[in-house]
Amino acid sequence: MFRKTTIRFIIIGILLLLASYSLYWTIAYHTMDESKKEKLQAEGKLDKFIDRSMKMGLDLQGGMHIVLELNLPKLIESIATNKTPEFYDALNKATEEYKATERDFFDILLNKANEKNLRLIRHFTNRGFKNNEIIDNLRNEAKDAVSRALEIIRNRVDQFGVSEPTIQRAGQYRIIVELAGVQDPERARKIIQSTALLEFYLLKDPSITQKFIEAVDNYLKTGKKEDVSIDTSKAIDTTEIELKEAKEKAISVSELLGKTPLAEETLTDTADTTVIVDQELLGERPFSSLLRNVGGMIGVPEKNVPVVKRILSDPEVQKLLPYDSKILWSAKPERLTLADGTTSNFYLLYHVDREAAMQGKYITDARATIGGSGTQTAGQPVVNLNMNSEGARIWARVTGSNIGKRLAIVLDDKVYIAPVIRTKIANGASVIEGLEGMNEAKDIAIVLRAGALPAPVDIIEERTVGPSLGRDSINMGVKLGIIAFVIVIIFMTFYYKLSGLLADLALLLNLVFVLAIMSAFKATLTFPGIAGLILTVGMAVDANVLIFERIREELDRGKTVRSAIDSGYARALSAILDANITTLLTALILMQFGTGPIKGFAVTLFWGILSSLFTAIFVTRTIFNYITEKRVLKSLSI
């Protein structure tokens, strides 16, 4: 093939030009100083360098390695219907045993259900009749949920803009995520873990909330769980009566909750055991004394949040809460200036219906933008939501029949905004406000567009690799590569003389071609990849050694130089192909099924072998052809 030497040189020249072009972007980007990068970024030209450069792996440029596990109990809870106390009891006990023993969750759940004679068909319809059939169905559902979570996380990471992420399944219910070069691990973690469950809840009537607060006050004061009767015929405004401007006082938690069992356990995990209370309400209404009026809503000073959360999570307090309602917190605190001129953070409490008025599954698009002029959100980041036709019908019905009421927009059980419904919204449009900045708006839009996870995912392992460690790896890899390269060059020159220099040239071209191919295909270079690169150096030399030894044998038999070169290449070809094709197949298998460092090693090895075959067989032969065509050699320096 390509017997004419001129055509061979043209092919080599074209490949060298392409390789130089491919490597230019990688060398230019990675040798560029920060000021130059900032300048190109401002001009919008930096992305071109990033897109065309060879990517560095997690171990070379730093980043995050996270192992996620699907929260199986939450998944089962979300699937179940008609959830009774018996169901929750079995589920909670199965969850406790699962965390303690790490045995198969579904086997444990089946045992707990059978022990309690709990018929699962009451909670999981159309999944079988017997408990074991239903459990098998749920197990398959969990596997499907992991697959869906994998795709959703991949979509989120793609939109987040991380280059060459590694996202793969590990075991039945786990997912490994590797994000190289992530500058903000906390933001990446939030995007990956966000369940993105968007719901719309109607707020309870203030009189119902008032009754609940009074019941909690009575429980904390007397330790008794008694209903408190209030005159609901009067229009009771919680914010005006109970949450008037407070005369604040700092007291200990024990002083506040001294008469209840809560006092012994509340805030035992924190060093600060004081709270800010309204001293006028403290004696008669200890719970109300922890709350404030924040813009007509129920606010909790940031210092009081832990104790209020602990009080609300107490099982006895939960029994005081109306069955068809629940308490939600605001996503972030409100920063307010108090009467004395000081500023303080307040979280808002929302008493909402237990069942959502509408879920976010009808959302078809979510875009982060800046509120338009003339609106209440002018100049502020917001997320505009659009719904499909079914969602628009439900939205119109919900807003049309609840004019004058507050509707909370809730993402992952946190309230972002609870506006008053002024008019019926017929076009399915809505807006999420109250965001800290454009980054948060973009992140929320990303997770909403990518869809909601079927269940929360928990981080069970996390490692962050710093860029300094990556620089050390690069320096070590480069140093090892140079040492290996120099040793091989010296050996080949010493042992094969001028022909050895020809092999060294092929070796150098091999390195250039491998790196160029990896840049062109946007492959990721890892530390094991550098090891693979060094290994290909040895394999490239091995092919030349086979060829040169065969040529020497032919020369010893008395053949001419040209004839010895032809015979040497022909005889060595089969041995070279045998050795390299088997290694090539191994590299292909590792690329397909390997993960992390193994895959990085296989990618470099695969392209290194292909490149070494080309340089050892084609390039060196072309130069030998050129030399022997010009003049008749009586001897060969080999």
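Student: Which residue forms a salt bridge with D365, and how far apart are the closest N and O atoms?

Tutor: In this predicted model, D365 forms a salt bridge with R367, and the closest N and O atoms are 3.1 Å apart. D365 counts as partly exposed at 21% relative accessibility, and R367 is likewise partly exposed, with a relative accessible area of 45%.

Student: Why call D365 partly exposed at 21%?

Tutor: Because buried means under 20% relative accessible area and exposed means over 50%, the 21% of D365 puts that residue in the partly exposed class.

Student: How many salt bridges does the count come to?

Tutor: The count comes to 25 salt bridges. One of them joins E69 to R174, with the closest N and O atoms 2.9 Å apart. E69 lies in strand β2 (residues 63-70) and R174 in strand β4 (residues 174-180), so this pair ties together parts that are 105 residues apart in sequence.

Student: What does the side chain of E462 meet in a salt bridge?

Tutor: The side chain of E462 meets that of R189, at 2.6 Å from N to O. Since E462 lies in strand β19 (residues 457-465) and R189 in helix α9 (residues 185-193), the pair ties together parts that are 273 residues apart in sequence. Here the acidic residue, E462, is partly exposed, with a relative accessible area of 31%, while R189 is buried, with a relative accessible area of 18%.

Student: Which residues are linked in a network of salt bridges?

Tutor: R550, E553, E554, R557, K559 and R571 are linked in such a network.

Student: Changing topic, where does α21 bend?

Tutor: Helix α21, which covers residues 561-593, bends by about 35° at L573.

Student: What should its 33 residues span, and how far apart are the end C-alpha atoms?

Tutor: At 1.5 Å a residue, the 33 residues of α21 should span 48 Å, and the end C-alpha atoms are 47 Å apart, which agrees with that expectation.

Student: Why would residues a few places apart in a helix point the same way?

Tutor: An α-helix has 3.6 residues a turn, so residues three or four places apart point the same way.

Student: Which residues of α21 are buried, then?

Tutor: The buried residues of α21 include V561, I565, Y569, A572, I576, L584 and A587, and among them are also the polar residues S567, N580 and T583.

Student: How far is L577 from A543 in space?

Tutor: L577 and A543 are 9.1 Å apart, C-alpha to C-alpha, although 34 residues separate them in sequence.

Student: Last one: in the largest nonpolar core, which residues touch the most other members?

Tutor: Of the 51 residues in that core, F548 and I551 touch the most other members. Helices α1 (5-30), α19 (467-520), α20 (527-556), α21 and α22 (596-630) each supply at least two residues of this core, and the largest share, 12 residues, comes from α19.

Definitions and conventions:
Residues are numbered from 1 along each chain as its sequence is written. This is a predicted model: local features need pLDDT of at least 70, side-chain atom pairs count only at pLDDT 80 or more; totals for chains, interfaces and linings use all residues. Side-chain values use heavy atoms; hydrogens and water are left out. Helices (H or I, at least four residues) and strands (E, at least two) are DSSP runs, numbered from the N terminus. The expected span of a helix is 1.5 Å times one less than its number of residues. The bend at a residue is the angle between axes fitted to the seven residues ending there and the seven starting there. Buried means under 20% relative accessible area, exposed over 50%, partly exposed in between (1.4 Å probe, protein chains only). A nonpolar core is a set of buried Ala, Val, Leu, Ile, Met, Phe, Trp, Tyr and Cys residues joined through side-chain atoms within 4.5 Å. A salt bridge is a side-chain nitrogen of Lys or Arg within 4 Å of a carboxyl oxygen of Asp or Glu.
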